[in-house]
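Here's a quick briefing to read with the model open beside you.

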Amino acid sequence: MTVRASSGAYQRLGAWHGELTAFRRDLHAHPEIGFEEKRTAQRVVAALRAAGVDEIHEGIGKTGVVGVIHGAKKDSAKSVGLRADMDALPMTEENDFAWRSCSRGLMHGCGHDGHTTMLVGAARYLAETRQFDGSAVLIFQPGEEGFGGAKAMVDDGLFERFPVESVYAMHNWPSLPAGHIGVNPGPMMAAADRIEIVVHGKGGHGAHPYLAIDPVLVAGHIITAMQSIVARNVSPVDSAVISICAMQAGDVGAYSVIPREARLVGTVRTFRPEVQDMVEERLARLVDSVAVAFGATASLHYQRTYPATINSGLHAMFAADVAASLVGEERVTRQMSPSMGAEDFSFMLQVKPGAYLRLGQGGGAFLHNSRYDFNDDVLPLGGALLAGLVERSLPLAASET
């Protein structure tokens, strides 16, 4: 991993690499699920106090923490937000290193322990150097993994209390080599919607299906037919995914009993609101009409959970410039392909302009894998990139640097 020697932030953070690694591994060993990140928040608050952060605000969006650092000058009266997520996943870790999870059924399987540590490192550097004109707002967010913690913080007055001009976030990406950084001036992550379909039929004996209305058969036809929504209704230049990920019907011990009900659960992923609206409308019609065709009834519950994560083009390219100043243009992907995964940083980008970046961590198990672990080698780079976004957004006059 190559970083330009001229980066004072990277050099300073590199000197703290051992401390940052210990902090990250401590978080990894003590994972907490969304809105239960009490220990994690306490560790963050203690680290911010030790770093000399000017203001520390707790309990925003339930367990969220916000730190504020004032620059050497505040003439601009501007501020920039940096966000890191703190929560873990409800999954069992299968690693065997010393810092593996101490809590069975909970694991930092997505690298939020690393994201939190990088922002703590950036806070320490910014509080020591203060080479910017304005304020840095450090947002430690709870509940990203399905709890909508970003929305909870926004609803709790985050940007009214801390009216930043822009906000940035970063996520590690095992598919990128360590030291590479990716961004896109537009869509980065898809909207995530939850669908639940309940098919009501008429139970009966498996040997006499003509006396029943089989909801399993109806569910099968719905599953097959719904794939035509994307194939025949979504333009090839757009993207959409409909996936049924779970099906529940009957009892596996009752091999000759046709159940009365079948339940399907899945997800819809889209980027454009127009496509999202179309998929919901077509899916509702399809579910109802297929069921009616077989003499059954069916209902669709469509829940919009996370909106699409859409970067501001201006801020995405600015972030790419900051990244290139650290690692060189050859290690920055400025037109990174969007992911059909979802991210609740999208709620913040609906209120404030900004950008969501990918930080390469160089292979290993992918996100949400039971053998995943964050690559500690990239901690100084991630912290330096976050600090650089503040320093370049809020520059001091040349005579003051």
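What follows is a short tour, grouped by topic.

This is a predicted model, where local features need pLDDT of at least 70 and side-chain atom pairs count only at pLDDT 80 or more, while totals for chains, interfaces and linings use all residues. Residues are numbered from 1 along each chain as its sequence is written, and side-chain values use heavy atoms, with hydrogens and water left out. The protein chain has 11 helices and 16 strands; these are DSSP runs numbered from the N terminus, with helices being H or I of at least four residues and strands being E of at least two.

**The chain as a whole**

- The radius of gyration of the protein chain is 24 Å, close to the 21 Å that the globule rule gives for 401 residues, so the chain is as compact as a globular protein of that length. The radius is taken over C-alpha atoms, and the rule is 2.2 Å times the number of residues to the power 0.38.
- Along the principal axes, the C-alpha atoms of the protein chain fill a box of roughly 85 × 45 × 40 Å.
- Of the 401 residues in the protein chain, 54% are buried. Buried means under 20% relative accessible area, exposed means over 50%, and partly exposed is in between (1.4 Å probe, protein chains only).
- Take the contacts between residues at least 6 apart in sequence: 81% of them join residues at least 24 apart. Contact here means heavy atoms within 4.5 Å.

**Helix pair H2 and H4**

- Helix H2 (residues 17-29) packs against helix H4 (residues 112-129) at an angle of about 145°, with the axes 9 Å apart. Axes are lines fitted to C-alpha atoms, for helices over the stretch in contact, and angles run from 0 to 180 degrees between N-to-C directions.
- The H2 side of the contact is Glu 19, Leu 20, Phe 23, Arg 24, Leu 27 and His 28, and the H4 side is Asp 113, Gly 114, Thr 116, Thr 117, Val 120, Gly 121 and Arg 124.
- By type, the residues of the H2 and H4 contact divide into 4 nonpolar, 5 polar and 4 charged. Ala, Val, Leu, Ile, Met, Phe, Trp, Tyr, Cys and Pro count as nonpolar, Asp, Glu, Lys and Arg as charged, and the others, Gly among them, as polar.

**Helix pair H7 and H8**

- Helix H7 (residues 215-233) and helix H8 (residues 273-293) cross at roughly 145°, and their axes come within 10 Å.
- From H7, the residues include Val 218, Ile 222, Ala 225 and Ile 229, and those they meet in H8 include Val 279, Leu 283, Leu 286 and Val 290.
- The H7 and H8 contact divides into 12 nonpolar residues, 3 polar and 1 charged.
- Ala 231, also in helix H7, counts as partly exposed at 48% relative accessibility.

**Loop residues**

- Phe 35 sits in the loop between H2 and helix H3 (38-51). Phe 35 has a positive phi of about 65° although it is not a glycine, and it is buried at 18% relative accessible area.
- Thr 63 lies in the loop between strand S1 (55-60) and S2 and is buried, with a relative accessible area of 11%. Beyond its neighbours within four places in sequence, Thr 63 is in contact with residues including Phe 35, Met 86 and Pro 142.
- Ala 77, in the loop between S2 and S3, has a positive phi of about 60° without being a glycine. At 66% relative accessibility, Ala 77 counts as exposed.
- Lys 74 is in the loop between strand S2 (64-70) and strand S3 (79-85). Leaving aside its neighbours within four places in sequence, Lys 74 is in contact with Asp 133, Gly 134 and Ser 135.

- Ala 323 belongs to helix H9 (residues 313-327) and counts as buried at 0% relative accessibility.
- The C-alpha atoms of Ala 323 and Leu 385 are 6.4 Å apart, though 62 residues separate them along the chain.
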